[in-house]
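Biologist: Before I use the labels on this model, I would like to know what each one rests on. Please go through them with me.

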Amino acid sequence: MTTRGTPGRMVRIEDDVWIAYGQLCEQEGTSRADDIRRHVHSRVNAWRAKDRKQRLRALADDAKANRVAPADSDD
């Protein structure tokens, strides 16, 4: 079952783990689907932040490498 037009995804998880996971989620007051979505979003956001930091560092390194030293003044 999907909600709000989002496509369903298939994952394979052993029955005993799925049952225990359902119990864990119920104790935490959430659903398996919501818990999985939050986990995936958290991982993707962390990956994007890391990637963004790496790109900014690369830009800073490029700018530093391409910086031209100031010319001496004729004064």
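**Labels and what they rest on**

Biologist: Why is arginine 55 called partly exposed?

Modeller: Arginine 55 has a relative accessible area of 48%. The label covers values between 20% and 50%, so arginine 55 is partly exposed. Keep in mind that this is a predicted model.

Biologist: What makes aspartate 51 and arginine 55 a salt bridge?

Modeller: Their side chains meet at 3.1 Å, N to O. The cut-off is within 4 Å, for a nitrogen of Lys or Arg and a carboxyl oxygen of Asp or Glu, so the pair counts as a salt bridge. In general, side chains of opposite charge can pair when their charged atoms come close. Both aspartate 51 and arginine 55 sit in helix α2, four residues apart, which is about one turn of the helix. Aspartate 51, at 30% relative accessibility, is partly exposed.

Biologist: How many salt bridges does the structure hold?

Modeller: There are three. Another of them joins arginine 38 to aspartate 34, with 2.4 Å from N to O. Aspartate 35 also pairs with arginine 38, and there the closest N and O atoms are 3.1 Å apart. Each distance falls within 4 Å, so each pair meets the definition.

Biologist: What links Asp34, Asp35 and Arg38?

Modeller: A network of salt bridges links Asp34, Asp35 and Arg38. Arginine 38 and aspartate 34 both belong to helix α2 (residues 32–65) and are four residues apart, about one turn. Aspartate 35 and arginine 38 are three residues apart in helix α2, again about one turn.

Biologist: Is aspartate 35 buried or exposed?

Modeller: Buried. Its relative accessibility is 17%, and the limit for that label is under 20%, so aspartate 35 counts as buried. Aspartate 34 has 28% and is partly exposed. Arginine 38, at 41%, is partly exposed as well.

Biologist: Which residues does aspartate 35 touch, not counting those up to four places away in sequence?

Modeller: Aspartate 35 touches Tyr21, Cys25, Glu28 and Thr30.

Biologist: How do you know that threonine 30 is buried?

Modeller: Threonine 30 has a relative accessible area of 18%. That is under 20%, so threonine 30 is buried. Threonine 30 lies in the loop between α1 (15–27) and α2.

Biologist: What joins the side chains of threonine 30 and aspartate 34?

Modeller: A polar contact of 3.2 Å joins them. The limit for such a pair of N or O atoms is within 3.5 Å, so the distance meets that limit. Leaving aside neighbours within four places in sequence, threonine 30 is in contact with Cys25, Asp35 and Arg38.

Biologist: Which residues form the nonpolar patch on the surface?

Modeller: The patch is made of Val11, Ile13, Val17, Trp18, Ile36 and Val40, and together they have about 460 Å² of accessible area. Helices α1 and α2 each supply at least two of its residues.

Conventions: Residues numbered from 1 in each chain as written. Predicted model: local features only at pLDDT ≥ 70, side-chain atom pairs only at ≥ 80, totals over all residues. Heavy atoms only, no water. Buried < 20%, exposed > 50% of the residue type's maximum accessible area, 1.4 Å probe, protein only. Polar contact = N/O pair within 3.5 Å; in protein donor to acceptor, adjacent residues only side chain to side chain. Contact = heavy atoms within 4.5 Å. Patch = residues over 30% accessible without salt bridge, like charges linked within 9 Å, V, L, I, M, F, W, Y side chains within 5 Å. Areas by Shrake-Rupley, 256 points an atom, 1.4 Å probe, with all protein chains shown as cover.
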